[in-house]
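This report looks at a few residues and their surroundings. Please look over the sequence and the model first.

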Amino acid sequence: MNSFLLEDRSGAFGFGLVRVPRALPWRDIRTASGASGMVVRVPKNKSHKGISKRVKVTGTGKLRRAQANKNHLLEKKPSTRTRRLNKEEDFAKADRKRVKRMLGI
């Protein structure tokens, strides 16, 4: 999904079509400020759909992923290698923070 919309803003200055950032859906959150209960509007967090299809989260919170080199050209690879690549693997420590942010965890 594109993060920009094209809007026609041909007005006094005649800009024509302009790229405008797409608005995120909003949700209302009630603050715990006594009986008044103010409502604050914050944008909804959307998880990255591509990463959510490729990652599993274990019960203890670890992130698991499939290993590479298991999609095509399997006839020339040794069976021991393809069996080893069947196993899931943890994410590298350098990637965990970014993946968790993309998943909304």
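Phe 91 counts as buried because its relative accessible area is 11%, under the 20% cut-off for that class. This value, like the others here, is computed from a predicted model. Phe 91 sits in the loop that runs between strand S7 (89-90) and helix H3 (93-103). Leaving out residues up to four places away in sequence, Phe 91 touches Val 55, Leu 63, Arg 64, Arg 65, Arg 96 and Val 99. Val 55 lies 36 residues from Phe 91 along the chain, and the C-alpha atoms of the two are separated by 9.3 Å.

Which residues make up the largest nonpolar core? It has six residues in all: Ile 51, Val 55, Leu 63, Phe 91, Val 99 and Leu 103. In soluble globular proteins, nonpolar side chains tend to be buried together.

Lys 77 is buried but has no salt bridge. The nearest side chain of opposite charge is that of Glu 75, 12 Å away. A polar atom of the Lys 77 side chain does lie 3.3 Å from the backbone oxygen of His 72. Not counting residues up to four places away in sequence, Lys 77 touches Asn 69, His 72 and Thr 82.

Thr 82 belongs to helix H2 (residues 79-85). Is Thr 82 buried or exposed? Thr 82 counts as buried because its relative accessibility is 14%. With residues up to four places away in sequence again left out, the contacts of Thr 82 are Lys 70, Leu 74 and Lys 77.

Two residues deserve a note on backbone angles. Most residues other than glycine have a negative phi.

| Residue | Phi |
|---|---|
| Asn 69 | positive, about 65° |
| Leu 73 | positive, about 55° |

Asn 69 counts as partly exposed, because its relative accessibility is 45%. Asn 69 is also one of the residues that Lys 77 touches.

Key: Residues are numbered from 1 along each chain as its sequence is written. This is a predicted model: local features need pLDDT of at least 70, side-chain atom pairs count only at pLDDT 80 or more; totals for chains, interfaces and linings use all residues. Side-chain values use heavy atoms; hydrogens and water are left out. Helices (H or I, at least four residues) and strands (E, at least two) are DSSP runs, numbered from the N terminus. Buried means under 20% relative accessible area, exposed over 50%, partly exposed in between (1.4 Å probe, protein chains only). Contact means heavy atoms within 4.5 Å. A nonpolar core is a set of buried Ala, Val, Leu, Ile, Met, Phe, Trp, Tyr and Cys residues joined through side-chain atoms within 4.5 Å. Lys and Arg count as positive and Asp and Glu as negative; His and the chain ends are not counted. A salt bridge is a side-chain nitrogen of Lys or Arg within 4 Å of a carboxyl oxygen of Asp or Glu. A polar contact is a pair of N or O atoms within 3.5 Å; within protein, one must be able to donate a hydrogen and the other to accept it, and residues adjacent in sequence count only if both atoms are side-chain atoms.
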